[in-house]
Amino acid sequence: MPQARPRLPLHHITPCRRRAFSRPAFAPKPVVDIKHIRQNPGLYEQNCISRNYAPLAKNSWQILDLHKQWTELQLSSRTLREKNNTVRRHLANAASSPDSAANKSRTELIAEAKEYKTQLDAVATQEAALEAEIESLALQLPNLSSAHTPDGSDPVVLEYINDHPEPAPERSDRVWRSHVHVGAELGLLDFSAAATTSGWGWYFLLDEGAALEHALVQYALSIARQRGWRTASPPSIVYSHIASACGFMPRDANGETQIYSLASESDKPALVLAGTAEIPFAGMKAGQTLDEADLPLKIIGPSRCYRAEAGARGVDTKGLYRVHEFTKVEMFAWTAPDSSSAEKQFDTDAEGGAPPQERLFEEMLDIQRTIIAGLGLHARVLEMPATDLGASAQRKIDIEAYFPSRRERDGGWGEVSSLSWCGDYQTRRLGTRLKRSPAHGAKMDWPFTLNGTALAVPRVLAAIMELGWDEVKKEMRVPEVLRPWMGGVESIQRKH
């Protein structure tokens with residue numbers, strides 16, 4: 001027996017280098033629509049190319065070729081079974097008429113039956129290997145993009161939120177400061193101490209800075225609760241197969257490491273730190289069957305999120321914009337499928353209105369708009385192109401806020417929230433089934449999922465600090481909507 005590896009402490013973490021894990025026996029078995037892939041290999045190839053997944057572009061064609069091999073094995077096994085059944089009938093005849101000269105000897109028939117069984121076992125092994133390879137190739141494919149998603153790499157601006165704080169910068173004498181400067185002036189941020197304890201990409205929020213984090217969380221939760229969203233606090237550690245089923249890869253399209261893995265005993269299922277609460281929320285219903293009468297199911301909650309890729313984007317490494325660990329309030333929902341057909345998934349429903357997924361998508365986007373508008377941030381809403389979609393998303397909308405410190409980069413715009421609909425990509429991989437209502441034949445189907453950022457604390461906090469800074473008074477204005485959770489404090493002043 002091989003010697004067990006020494007146990008490492010739970011806090012020992014390393015970035016995952018590749019997508020390699022074994023699905024434990026208790027994990028839900030994914031059920032990908034492989035038939036649709038076989039019927040539309042060109043569609044999936046083009047989808048991979050347009051979404052910047054070029055290395056996977058031939059997966060659909062490989063699946064088609066492997067399925068042909070599997071079909072040939074099926075025919076071969078059928079022939080072998082027929083021959084084996086014939087031999088077994090002869091064995092039965094030999095047993096009833098042992099002196100019949102027309103029959104082969106019992107010994108010969110038994111040997112022949114054993115040979116056919118050996119061949120059938122070999123064919124079954126080959127079939128299982130082909131099925132596993134087909135499933136593996138199918139699971140790697142990204143979701144199909146929606147009809148709303150622009151081709152190419154340029155987003156489409158849908159609308160703006162609030163007025164620009166400096167519509168004519170050439171005529172403005174306002175002094176802008178980065179949130180790093182504001183945080184240092186007011187004693188709200190400490191990056192040096194965090195570098196000592198954890199390294200670059202981590203931070204301390206101090207005094208009113210820490211209070212603002214909690215105020216932002218409560219503000220976002222209050223907006224969603226008013227609309228009937230259920231709240232939850234999810235775990236930060238999840239099984240790697242759950243993260244993979246949600247479309248989270250160890251590395252992103254730029255080749256940067258995304259996920260932290262936790263070192264553990266070799267015989268234990270692999271664990272990772274969740275990059276977003278979307279992962280544990282989606283896993284809540286893994287292996288379960290939902291009732292259509294209970295849909296939509298809507299949940300929102302704060303969590304700590306962990307991103308290993310932080311610190312690889314130049315200027316973004318300074319400050320709160322791109323960090324390894326942060327607090328985020330996430331929305332997640334399950335809804336009835338728009339259609340059982342992949343080609344019709346964007347049609348209107350039976351009553352002629354918008355399909356369930358689109359209606360909930362608009363509700364979630366309105367929550368995001370309300371939160372950003374209430375904070376007084378100037379922002380724009382973008383329909384994101386195919387190249388910007390993650391593996392699970394069919395459609396994605398980003399909201400970018402204006403950061404004065406980023407004026408020389410991207411025109412001052414920086415992402416503060418995103419919203420995605422994912423169809424049945426995640427539920428098929430997590431084994432989350434749906435029992436349709438009698439109006440839909442009471443059949444079994446797959447629910448659709450959506451996820452969206454209600455509020456990403458560090459980035460929103462950075463924007464608030466920069467836009468609320470008064471250079472003359474050396475103070476920062478606290479947005480009015482946050483004051484109930486800040487003891488009524490209207491501004492934060494420099495400490496003497």
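Mentor: A salt bridge is counted when a side-chain nitrogen of Lys or Arg lies within 4 Å of a carboxyl oxygen of Asp or Glu. In this structure, D398 and K396 form such a pair, with 2.9 Å between the closest N and O atoms. The model is predicted, so local features need pLDDT of at least 70 and side-chain atom pairs count only at pLDDT 80 or more, whereas totals for chains, interfaces and linings use all residues. Residues are numbered from 1 along each chain as its sequence is written, and side-chain values use heavy atoms, leaving out hydrogens and water.

Trainee: Is D398 buried or exposed?

Mentor: Buried means under 20% relative accessible area, exposed over 50%, and partly exposed in between (1.4 Å probe, protein chains only). D398 is buried because its relative accessibility is 2%; K396, at 10%, is buried as well.

Trainee: How many salt bridges does a search of the whole structure find?

Mentor: The search finds 22. One of them joins R436 to E292, with the closest N and O atoms 3.0 Å apart. Both R436 and E292 are buried. A network of salt bridges links E159, R227, D366 and R369.

Trainee: In which strands do R304 and E325 lie?

Mentor: Strands are DSSP runs of E with at least two residues, and helices are runs of H or I with at least four, numbered from the N terminus. The side chains of R304 and E325 meet in a salt bridge at 3.2 Å, N to O. R304 lies in strand 10 and E325 in strand 11, so the pair ties together parts 21 residues apart in sequence. R304 is partly exposed at 30%, whereas E325 is buried at 17%.
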